[in-house]
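This report looks at charged side-chain pairs and at one helix packing. Please have the sequence and the 3D view at hand while reading.

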Amino acid sequence: MVTFTLSLLALIVGYFIYGKVVERIFAPDNRPTPAVSMADGVDYVVLPGWKIFMIQFLNIAGTGPIFGAIMGAKFGPSAYLWIVLGCIFAGAVHDYLSGMLSVRHGGAGLPELVGIYLGKRTKKVMLVFSVFLLLMVGAVFVYSPALILGHLCGDSLTWVYVWCVIIFVYYFLATMLPIDKIIGKIYPFFAIAMLFMAVALMWVLFAKWPSLPELTDGLDNLSPKSGTIFPCLFITIACGAISGFHATQSPLMARCIKSEKQGRPLFYGAMITEGIVALIWATVSSYFFYGGAAAELGVPATLQAPEVVTTVSSGWLGVFGGALAILGVVAAPITSGDTALRSARLIIAEFLHLEQHSIRRRIYICIPVFAVTLGLLWFNIADENGFNIIWNYFGWANQTLAVFTLWAVTVYLVRKDKFYWITFVPAVFMTAVCTAFLLTSDTAVGLPVVVGNVAAVVAVVLSVVLFFVWKGRRKVGGATGD
């Protein structure tokens with residue numbers, strides 16, 4: 001619990017100190033934001049700051065900081081270091097700068113931003129990459145809550161299909177309607193429920209003050225079967241430390257903020273909050289797997305992440321806690337799925353230069369988007385290993401998206417003669433992580449760990465050399481936009 005307490009304090013201090021440093025480097029000003037200058041009543045709508053924070057938090061969170069932290073806790077105390085350092089110096093920086101760049105470029109989506117700073121060819125790659133990632137999120141986050149709700153209705157597969165249809169109809173409405181009609185109204189409620197559950201569990205942890213594995217015990221991997229700490233830990237805990245998916249979601253809120261100076265609490269602050277949630281669940285899981293909580297609750301310590309959530313919440317917080325747990329594991333993925341598909345609609349519309357004020361033109365894009373998502377959902381249901389296959393590819397693709405985002409933001413900072421090291425270092429590190437994971441993962445190439453690590457070093461050296469060669473040759477005033 002000492003490590004948890006110090007980590008919690010570090011995240012809070014990180015927001016006020018390093019968050020301010022990052023804000024000063026970017027230098028927000030009083031220029032009109034897209035929500036004001038491009039208001040259309042559909043996607044560009046000024047929303048209250050507190051509501052934007054809640055929506056942004058739920059958009060980027062979903063079940064990521066819960067399930068990822070539960071699985072990541074098996075790697076031991078090193079999970080604490082990754083959540084704290086990753087969140088403060090990589091994830092929150094990534095979210096803030098990608099969100100603010102979107103504000104500066106009229107609410108542009110991630111592929112558009114990457115195209116501006118990394119070139120048109122990279123933009124096309126990112127278009128396909130990011131849209132497919134978003135559709136995978138939409139498909140995965142239909143089936144998992146439908147399974148839970150179906151079991152609550154009687155364990156019949158028919159009920160699972162019924163809930164899939166209901167969730168899909170909701171997705172369609174949330175993707176099509178103006179952002180303040182559904183998302184702006186229900187997201188704050190779900191976000192408050194998720195935060196309340198996390199705070200309640202933290203209160204129980206402090207009250208119990210269990211004996212847990214601490215950083216002073218070493219950084220040994222407590223579950224070798226989960227993979228090696230490098231690179232597997234850095235893929236397993238994504239949303240609680242850094243996640244490329246966030247860069248696809250931040251433009252949604254970049255179209256809704258009234259002032260650039262809201263950026264630090266809304267983008268950097270939402271990510272720090274997610275890091276705190278991940279930290280709480282990592283500690284709960286450490287207690288569950290290694291501190292005796294499983295025995296106290298009368299269950300085996302081999303439960304999967306969703307079962308850990310419901311067992312711990314109902315066991316520690318009673319009936320109310322159980323209801324919150326169900327709300328969390330059902331509502332959180334649904335609210336990530338609908339905004340993922342909304343982001344896909346906007347990214348495609350931006351690429352095709354198709355305005356979205358007209359309902360008819362929104363439908364033009366939604367039909368193929370939902371058709372592909374249905375295909376992925378069918379694969380998810382038909383293949384018993386479908387969920388795991390899609391999720392594994394999502395995990396790697398998610399962090400690869402963060403690599404592209406970090407390099408794009410680094411190029412922006414260089415072009416503006418700003419302190420680029422705040423994104424350069426995380427970009428280099430995540431390049432190594434994604435290279436090693438792609439080459440060593442059983443769902444990808446499957447090479448020996450040593451080979452993957454050597455390749456990661458080569459990728460780092462190559463990317464650093466290319467970056468400094470480009471930096472040395474760049475022309476003065478070569479930036480596009482501001």
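Which side chain meets that of Arg31 in a salt bridge? The partner of Arg31 is Glu260, with 3.7 Å from N to O.

## Basis of the values

This is a predicted model, in which local features need pLDDT of at least 70 and side-chain atom pairs count only at pLDDT 80 or more, while totals for chains, interfaces and linings use all residues. Residues are numbered from 1 along each chain as its sequence is written, and side-chain values use heavy atoms, with hydrogens and water left out.

## Arg31 and Glu260

A salt bridge here is a side-chain nitrogen of Lys or Arg within 4 Å of a carboxyl oxygen of Asp or Glu. The structure holds ten salt bridges. In the pair Arg31 and Glu260, the residues lie 229 residues apart and link distant parts of the chain. Arg31 sits in the loop between helix H1 (2-26) and helix H2 (34-37), and Glu260 in the loop between helix H11 (245-254) and helix H12 (263-290). Helices are DSSP runs (H or I, at least four residues) numbered from the N terminus.

Arg31 counts as partly exposed at 29%, whereas Glu260 is buried at 1%. Both belong to a network of salt bridges that links Asp29, Arg31, Arg104 and Glu260.

## Two further pairs

Arg342 forms a salt bridge with Asp43, and their closest N and O atoms are 2.8 Å apart. Arg342 belongs to helix H14, while Asp43 is in the loop between H2 and helix H3 (49-61), 299 residues apart. Arg342 counts as buried at 0% relative accessibility, and Asp43 is buried at 3%.

Glu112 and Lys123 also meet through their side chains in a salt bridge, at 2.9 Å from N to O. Glu112 lies in helix H6 (residues 110-118) and Lys123 in helix H7 (residues 120-152), eleven residues apart. Glu112 is partly exposed at 22%, whereas Lys123 counts as buried at 18%.

## Packing of H9 and H14

Helix H9 (residues 183-208) packs with helix H14 (residues 305-352) at an angle of about 140°, and their axes are 9 Å apart. Axes are lines fitted to C-alpha atoms, for helices over the stretch in contact, and angles run from 0 to 180 degrees between N-to-C directions.

The residues of this contact comprise 19 nonpolar, four polar and three charged. Nonpolar covers Ala, Val, Leu, Ile, Met, Phe, Trp, Tyr, Cys and Pro, charged covers Asp, Glu, Lys and Arg, and polar the others, Gly among them.

How values were computed
Helix = DSSP H or I, 4+ residues; strand = E, 2+ residues; numbered from the N terminus. Buried < 20%, exposed > 50% of the residue type's maximum accessible area, 1.4 Å probe, protein only.
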